[in-house]
Structures are given as structure tokens and as C-alpha cells.
Amino acid sequence: MGEAEQSFSSITISKACANIEADLSNHLPPWKESALSQKVHISVLYCLICLPVLVLLSVAIGGYIIYVTFYIYYLIADGDDTPEIYYWHSDTEKENARVRGIIFLVIQTWSLFWFLISHGRAMFTDPGQIPDARQWEVPSDGNSESSEDQKRLAERSKKGYSRSCNHCKKKKPDRAHHCRQCNRCNLKMDHHCNWIANCVGFFNYKYFFVMVFYGSILLGLFIATFWECVVVILNDSDSSTELCLFVVLSYSLISLLGIAVIGFCFFHIWQIKNNYTTIEFCEKKRKDVPGYNKSPFDRGGWYENFKEALGDKPWMWLIPTNYRNPEDGLYFK
């Protein structure tokens, strides 16, 4: 996982989900072959795996509802029950607040829409798995510098041979790694994300990044503007203690989450710019593995690296559309 996700709670969730998925993979039979008690056990385990997903969606949708109900509504509504301390004292100020509220509402609704679409696509898109050796050209173990295979393969074992997975018993392409939670190797694996109950890899990384980007906008705008609502409610004599506590607690928790997500978004922007995956950064660059001071997969500039990660059309980078070919993900320039 990325640095911003490696808090104590995230690591605990990751280990718990890994143990749950290990039970599903190694200790329980397939659904059709299961007895009733085993099916109940499997159902409970799947519910636990989906719990982080439900928490994430609840925070996103709940935060949007809180923002609209307690902040946007009073900016754009024409009611007479607005607290006296609110942000205007003339018709001009009221109209400016209304325009501002409409703009914020459009931004938040747009961001939430693409956040949910991207989350769904990241969750349900296969990150990519290694095909059988007969279905793809396994790079040879030859040592010829002029060999076409040498040009295709950047990562090798300590003895100079092509890498193979000890679990899957398959030859591994560059950037492929085994995920213990998925119990398989994934192409260009970035990390396993419990918030989408899936690995982030070659075919769904764009969806994951777009999800994080729009999540950052949602949280960033909330942090930047909702403090006005907090000030108003705390200074309104008609506000109950419960309402004040609810608003302050909501703003505090979402602010903490927003700082983490925005930092995580910038971390992935840096990774795309330099053509690293999270695994490559954490396990190789940070540990000063030879050849990873600069990514061996760098395309020669930030623009080319962004195109490799998000597609050739810059105007589609932040729209969760597919641009990968099904046969891609095995070789990298």
C-alpha cells in the first residue's frame, strides 16, 4: 500500500482481510460443494470483506448529504429561517452566496458521480492476470544484449533468469506480483486495496486513480468551505448541543480523512509522473535497489508517463473509460 494508507487501522484491516480471504481460498470448498453451515460461513466472510467498501461509500454519500443539508441549502434557499449570523446582510451578498452555493453544488455532485462510477469500475474490473505460458511469449533466459527478449524484460532474478512465482508456478512478466489476498499474480500490480475489495493493477489502475482524484476534490471542497457552517451553528443561540456536536465531529473526521486522501492523491500523481507502482516505490526505490533510483520503465518524460498510465487522450484522463487492449500488460518499454 501507499504511505498515506499505511496507518495502524489500515494495516489492521489489510491483515484481517488477508486472513479472511485465505480462509476462503484454502479452507473452504466452492459454493456449490458446500454444506449449509459452510455456506453461512462463506457468506459471513464475504460480508466482512465488503465491510470496508460499505464504510467508504457511506462516508462519501453521507458526507455529501451533510454538505448539502447543512451548508448548500442555506446558501441557495429563499427561506426566512436562516440564522442571523449567516454570511450576508444585503440582497447583493445573498445573491453572491446563492451563486457560490450553486457552483459548489455542481462541483460536489459532479465529483461524487465520477467517484462512484470510478469506484465501481475499479472494484469490478479484473486487474489482469498472467496467462498460461503457451498464451504469451515467455522471455528467454539468454544473455545476449542484442536479444529482443532482453529489450522486453527489465526485471530478472538474482541469477539473471526470468522471474517465476513460487505460488502460481508461472513465469512473471515485468511489474507482475503475487497478491496473497487474491491468491494469484496480477499484472503491473500496484497494491491490494481493501476499500475496493480488489487489487489495483494494469487494467483498473486508471479507475482507482480517478476515484482517488475525485475523492480528493470532494473532501478538499468540504474542508475549504464547510467551516463557515460550523461557525454559524456554534454561534447560533437556537442550535442544540447535539447539533453542534454532530457538525463539529463531522467536520473534524472528514478533515482528517481529507488530509490523508489528498496526500495519497499527490503521492500517486508523483508515481505516475515518474512511472513507479506503489510496490516498486516501497520495495525497491526506498530500499535503494540497484536500477530503481529512476524507474527502468520511465518513458522519457512526465507527459509520456501520464499517457502510459491514463491513456493517450489527455482530455479523457479524468474520465473512467477503458483504453487498454486485452493483450497488453505483459511487456513494457
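Why does Thr125 count as buried?

1. **Thr125 and its accessibility.** The model is predicted. In it, Thr125 has a relative accessibility of 19%. Buried means under 20%, so Thr125 counts as buried. As for its place in the chain, Thr125 lies in the loop between helix H3 (91–124) and helix H4 (148–152).

2. **What surrounds Thr125.** Leaving aside residues up to four places away in sequence, Thr125 touches Asn198, Phe203, Asn204 and Tyr207.

3. **The chain as a whole.** Now step back from the single residue. The chain has 333 residues, and 45% of them count as buried. There are 9 helices and 4 strands. Along the sequence their pattern reads α-α-α-α-β-β-β-β-α-α-α-α-α. Among contacts in the chain with a separation of 6 or more, 62% join residues 24 or more positions apart.

4. **How H6 and H7 are arranged.** Two packed helices are described by the angle between their axes and the distance between the axes. Here the helices are H6 (residues 227–235) and H7 (residues 241–274). Their axes come within 10 Å. The axes cross at roughly 160 degrees. Angles over 145 degrees count as roughly antiparallel, so H6 and H7 are roughly antiparallel to each other. The crossing of H6 and H7 is left-handed.

5. **What H6 and H7 bring to their contact.** From H6 come Trp227, Val230, Ile233 and Leu234. They meet Leu243, Cys244, Val247, Val248 and Tyr251 in H7. Sorted by class, this contact of H6 with H7 has 9 nonpolar residues, no polar ones and no charged ones.

6. **Helix H9.** H9 covers residues 302–310. Which of its residues are buried? They are Asn305, Phe306, Lys307, Glu308, Ala309 and Leu310. The buried residues of H9 pack against H7 and helix H5 (205–225).

7. Which residue follows H9? Gly311 does, and its phi is positive, near 115 degrees.

Conventions:
Residues numbered from 1 in each chain as written. Predicted model: local features only at pLDDT ≥ 70, side-chain atom pairs only at ≥ 80, totals over all residues. Heavy atoms only, no water. Helix = DSSP H or I, 4+ residues; strand = E, 2+ residues; numbered from the N terminus. Buried < 20%, exposed > 50% of the residue type's maximum accessible area, 1.4 Å probe, protein only. Contact = heavy atoms within 4.5 Å. Axes fitted to C-alpha atoms, helices over the stretch in contact; angles between N-to-C directions. Parallel < 35°, antiparallel > 145°, perpendicular 65-115°, else oblique. Left-handed = near helix turned anticlockwise from the far one by under 90°. Nonpolar A, V, L, I, M, F, W, Y, C, P; charged D, E, K, R; others polar.
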